[in-house]
Structure formats: C-alpha cells, structure tokens
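Please work through the exercises below with the sequence and the coordinates at hand. Each task is followed by a solution in steps.

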Amino acid sequence: MALNADGMFYVCASFVFFMFVYKFVASRVLGWLSGAYSSLPAEKKVCVNDSLMSFTHSTIVGTMALYLFLFSDVITTTVIRLEVTLLKLVGCIIVGYTAADTVVLAANHTSDVSHWSMFVHHVICLYTGHAAAATGELPYYQLLWTMMELANPFINLRVILKDLGQKTSVLYSLNGLALMVMFFLTRVATIPLFWYHATPLYQSAGFSKVTFSMKVVALVLSPIMHVLNCFWFYKIYQGVVKHFFGKTDKKGSRHSFMSSINPQQYTFED
C-alpha cells in the first residue's frame with residue numbers, strides 16, 4: 001500500500017524542513033551557543049549539525065506520539081486499523097527525516113557520521129515509517145514505537161556537548177543520567193506493556209487482515225528492536241555504575257560515564 005498525495009506532500013515537506021535545519025539552522029544555533037563550534041574541524045561540524053537535526057526530529061515526533069498516547073480516546077490496544085491524521089503525520093515526518101539523514105550520511109563518509117549500521121537502521125526506519133503511515137494499522141503500537149524517540153534528544157545532546165568540549169561539565173553528566181532514565185522509561189519499561197496487549201491481538205482473527213508490511217514490523221522488527229533496546233540499556237547502565245562507583249585510574253581520576261559509551265553507538269534516528 002502506497003502513501004496518498006497528502007502523505008507524499010508531508011514526506012516531502014519533512015525532508016525539505018530537516019535539510020534546511022541541517023544546512024542553515026544548525027550552524028547558526030550552535031555557533032551562537034558556543035564559541036567552540038567555529039574551531040571544530042569540518043567532519044565534527046557535520047556530526048554536531050546532524051545531531052541537532054536529529055534532536056529536532058526526535059523532540060517533535062516523540063512529543064506528538066506522547067500527546068496521542070495520553071489524550072487520544074480512539075486509539076486503543078485492540079484497534080487494527082484507524083485513520084488518525086496526527087499519527088499519519090508523525091509517520092510521514094519520520095520518513096522525510098530519515099530520507100534527509102540518509103542523504104547526509106551518504107554525502108559524508110566519516111567515522112563520526114557514516115557507518116554501515118546506520119544505513120541498515122535507516123532502511124528499517126523508512127520501511128516501518130512508510131508502512132505505518134500508509135496503512136494506519138496497529139495505531140496503539142505505532143505510538144509505543146514512536147515514543148522511543150523521546151530518549152533520542154538526550155543522545156543527540158550528549159554528542160553535541162562532547163564535540164563542543166563540554167564533556168566534563170555538570171550538564172553533560174546530568175544529561176547522561178536523564179538519558180538512562182528516559183531510555184528505560186520509553187524503550188525498556190514499555191516492552192511488557194507492548195507484549196501484554198499485542199499477544200492476544202496477534203492471535204485474533206482480525207490480525208489476519210493486517211497487511212504483510214505491518215506484520216513484518218509487528219512480528220519481526222519489533223522483537224529485534226526490543227532485544228537491542230535491552231542490550232543498549234544494559235551498556236548505558238554499566239556506564240553509569242562505572243562513573244559513580246567504578247575504580248579510579250592511576251592519576252586518581254574516576255572513569256567518566258560518558259567516555260565509556262561511544263557517542264554514536266546509541267543514535268537511532270536516525
């Protein structure tokens with residue numbers, strides 16, 4: 001099933017908006033916030049500009065999904081198919097952003113930005129976002145998938161602060177703690193909720209009418225993402241423990257929580 005004309009317009013508008021953020025807004029905002037931005041090498045500027053674009057995207061779609069999750073009275077756990085304009089818009093924004101970020105990755109072959117795993121991730125996001133926006137199926141579970149984006153602003157902010165030389169700042173450490181909490185709440189704690197409601201739905205007669213593309217998302221991609229989220233959270237938790245309770249190095253300084261985690265390792269927008 002393909003997107004209709006309205007959906008394609010939203011996707012194209014999203015693509016243009018996020019490319020505009022990357023090309024014109026990010027450098028001005030980051031240059032205004034920190035004098036260190038102007039002295040960054042070109043590949044680092046690409047990295048922080050891309051992170052600000054991702055920060056903007058995840059904040060927008062995560063907030064929209066959370067709003068629908070909390071206040072929508074028509075999206076329930078048993079609904080198979082429902083046309084919700086705002087939810088469709090969320091899916092289109094994700095597709096447009098992911099296409100824009102894929103262009104950035106393809107145009108910048110640096111270790112800070114481009115990695116084969118990110119291309120794989122983006123292909124999955126394009127497939128999932130298009131399927132969700134085009135079909136309107138499993139809206140409740142679309143919200144749970146999209147609310148995972150609420151952890152990503154903290155991931156992106158961590159990359160920005162690190163590259164701007166704020167790795168030892170209080171804000172950097174507080175952001176790391178906030179990342180751990182939000183990651184758990186949106187990507188781990190929701191797993192039992194997801195499967196508690198999804199299991200009887202998958203076994204119902206109505207699920208047989210779900211399109212093939214959304215069955216792939218529900219039965220294949222969702223379990224894979226849940227396993228990865230548990231693994232990633234464990235790595236983040238290890239970093240927090242090492243920061244606050246870990247052993248010190250020979251110079252007497254404590255190992256940094258942020259230095260124990262690759263800044264690009266948990267970037268999902270991806």
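The exercises that follow concern a predicted model.

**Exercise 1. Confidence and overall fold**

Task: Determine how far the model may be read in detail, and state which secondary structure the protein chain contains.

Solution. 
Step 1. The mean pLDDT of the protein chain is 87, and 87% of its residues reach 70 or more.
Step 2. Over residues 248–270, pLDDT stays under 50. Where pLDDT is low, the predicted coordinates should not be read in detail.
Step 3. The secondary structure comes to nine helices and zero strands, and the pattern along the sequence is α-α-α-α-α-α-α-α-α.
Step 4. Of the 270 residues of the protein chain, 50% count as buried. Among contacts between residues at least 6 apart in sequence, 79% join residues at least 24 apart.

**Exercise 2. The contact of H1 with H2**

Task: Describe how helix H1 (residues 5–33) and helix H2 (residues 42–71) are arranged, and classify the residues of their contact.

Solution. 
Step 1. The axes of H1 and H2 come within 9 Å and cross at roughly 120°.
Step 2. The crossing in which H1 passes H2 is right-handed.
Step 3. The H1 side of the contact includes Phe 17, Phe 18, Val 21 and Tyr 22. On the H2 side, the residues include Leu 52, Met 53, Thr 56 and Ile 60.
Step 4. Classified by type, the residues of this contact are twelve nonpolar, four polar and one charged.

**Exercise 3. Aromatic pairs**

Task: Assign a geometry to the ring pair of Tyr 141 and Phe 194 and to that of Tyr 202 and Phe 207.

Solution. 
Step 1. A pair of aromatic rings is described by the distance of the centres and the angle of the planes. The structure holds 14 aromatic pairs.
Step 2. For Tyr 141 and Phe 194, the ring centres are 5.3 Å apart and the planes stand at 80°, so this pair is edge-to-face. The cut-off applied here is an angle over 60 degrees.
Step 3. This pair links distant parts of the chain, with Tyr 141 in helix H5 (residues 139–146) and Phe 194 in helix H8 (residues 190–202), 53 residues apart. Tyr 141 is buried, with a relative accessible area of 0%, and Phe 194 is buried at 1%.
Step 4. For Tyr 202 and Phe 207, the ring centres are 4.8 Å apart and the planes stand at 40°, so this pair is tilted. Tyr 202 and Phe 207 are buried.

**Exercise 4. Two loop residues**

Task: Characterise Leu 138 and Val 74 by location and by accessibility.

Solution. 
Step 1. Leu 138 lies in the loop between helix H4 (116–135) and H5. Its relative accessible area is 0%, so Leu 138 is buried.
Step 2. Phi of Leu 138 is near 50°, a positive value in a residue other than glycine. Most residues other than glycine have a negative phi.
Step 3. Val 74 is found in the loop between H2 and helix H3 (85–107). At 44% relative accessibility, Val 74 counts as partly exposed, because the value falls between the cut-offs of 20% and 50%.
Step 4. Leaving aside neighbours within four places in sequence, Val 74 is in contact with Val 79 and Leu 82. The C-alpha atoms of Val 74 and Val 84, ten residues apart along the chain, are separated by 8.9 Å.

How values were computed
Residues numbered from 1 in each chain as written. Predicted model: local features only at pLDDT ≥ 70, side-chain atom pairs only at ≥ 80, totals over all residues. Heavy atoms only, no water. Axes fitted to C-alpha atoms, helices over the stretch in contact; angles between N-to-C directions. Helix = DSSP H or I, 4+ residues; strand = E, 2+ residues; numbered from the N terminus. Left-handed = near helix turned anticlockwise from the far one by under 90°. Contact = heavy atoms within 4.5 Å. Nonpolar A, V, L, I, M, F, W, Y, C, P; charged D, E, K, R; others polar. pLDDT = per-residue confidence, 0-100. Phe/Tyr/Trp six-rings, centres within 6.5 Å; stacked < 30°, edge-to-face > 60°. Buried < 20%, exposed > 50% of the residue type's maximum accessible area, 1.4 Å probe, protein only.
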